[in-house]
Amino acid sequence: MSAYETLKEKYWNAETTANEEKQLKALIEAGNITDLTDEEISYFNLLKTNSNIKAPELSWPEEMLNTKSKKTKTIFLTPMLRNIAAVCVLALGMVFLVKQNLSTTPKANVIEVEDPEMALEYTKQAFALLSKNYNKGTENIKTGMGEISKLNIVK
Amino acid sequence: MQNETIIQIVEGFKDKLYRYALKMVGNQFDAEDILQDLLIKVWKKKDEFSQLENQEAWCMTVTRNLAIDKIRKRKVKTTDITEHFGISDNAPTPDKITEDRESLKKVMDILNEMPESQREIIHLRDIEGYTYKEIAEIIGMTEDQVKVNLFRARQRFKEKLKVLNI
């Protein structure tokens with residue numbers, strides 16, 4: 001069976017693709033397939049003739065032909081709503097983060113004292129605590145330096 | 001979508017719409033009426049039309065529905081196809097012309113005996129070149145149903161031709 005015959009058989013079995021059908025019709029029109037019956041020729045001629053029929057001029061409604069139609073802008077709600085929702089989520093997230101940050105920040109212990117003598121006493125205590133820790137620090141340094149000099153590393 | 005754009009789109013496939021209407025109703029006057037009715041529908045639903053994914057398929061479906069309505073309102077008289085369409089271009093002699101007319105008549109008889117759905121599918125596939133998916137969308141069938149109907153239509157045609165040529 002020739003390639004043309006095969007194609008023709010495929011056509012009658014409705015196994016051809018749209019492109020193969022175009023190809024078959026083109027081959028028949030060009031006269032490349034000769035072993036066709038008169039009825040097959042008529043059939044394919046009929047298909048061809050039908051596909052060449054043209055529509056008459058269309059009469060559109062007057063309003064559609066009015067070229068001064070007002071320009072309308074189509075607003076698509078879904079993307080807009082999506083954007084608004086995204087901004088709201090972002091804003092809420094930022095508010096939440098800021099609040100979280102503020103709550104974790106340790107607040108300094110503040111004592112309000114009205115009596116000046118008591119205020120002085122508290123201040124003295126605070127400085128004493130400070131100097132105690134400072135002295136501890138300097139003693140540690142002196143001890144450390146003593147040890148280092150004993151080692152005779154640096155002369 | 002601008003009116004001019006809609007007009008341009010529909011003008012692009014008006015021939016297919018007209019041929020389909022003509023095939024359904026069998027005469028050019030009713031086919032033209034159907035086309036005009038379609039334009040009015042497009043105008044009335046132009047906002048919806050603008051949003052459609054496949055505007056051509058929608059127009060073809062509306063054309064089909066309008067044609068069915070028209071057919072229901074009257075009794076369809078099948079026209080002699082040879083009055084409207086040319087026969088073979090290679091028909092130099094009167095004998096050949098007669099032979100061609102006879103062959104064409106046989107073809108038309110076979111086609112007219114087919115169920116309407118099969119004729120419709122042959123038109124949409126073999127004349128307009130639509131895919132199975134597009135045909136399914138236009139006439140409201142599944143793709144498989146379209147394939148089966150096309151197979152049956154072509155097989156029927158082939159068998160009838162065999163009988164005629166024995």
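With which residue does Lys14(B) form a salt bridge? In this predicted model, the partner of Lys14(B) is Glu11(B), and the closest N and O atoms of the two side chains lie 3.4 Å apart. Lys14(B) is buried, with a relative accessible area of 11%, whereas Glu11(B), at 28% relative accessibility, counts as partly exposed.

| Salt bridge | Closest N and O atoms |
|---|---|
| Arg154(B) with Glu21(A) | 3.1 Å |
| Glu56(B) with Lys16(B) | 3.2 Å |
| Lys14(B) with Glu11(B) | 3.4 Å |

The salt bridge between Glu56(B) and Lys16(B) links distant parts of the chain, with Glu56(B) in helix H5 (residues 55-73) of chain B and Lys16(B) in helix H2 (residues 14-25) of chain B, 40 residues apart. Lys16(B) counts as partly exposed, at 23% relative accessibility.

Salt bridges that share partners also join Glu21(A), Lys25(A), Arg125(B), Asp126(B) and Arg154(B) into one network. Within that group, Arg154(B) forms a salt bridge with Glu21(A), and this pair crosses between chains, running from helix H10 (residues 143-164) of chain B, which holds Arg154(B), to helix H2 (residues 18-30) of chain A, which holds Glu21(A). Arg154(B) has a relative accessible area of 0% and is buried, while Glu21(A), at 2% relative accessibility, counts as buried too.

Key: Residues numbered from 1 in each chain as written. Chains lettered and ligands numbered in written order. Predicted model: local features only at pLDDT ≥ 70, side-chain atom pairs only at ≥ 80, totals over all residues. Heavy atoms only, no water. Salt bridge = Lys/Arg side-chain N within 4 Å of Asp/Glu carboxyl O. Helix = DSSP H or I, 4+ residues; strand = E, 2+ residues; numbered from the N terminus. Buried < 20%, exposed > 50% of the residue type's maximum accessible area, 1.4 Å probe, protein only.
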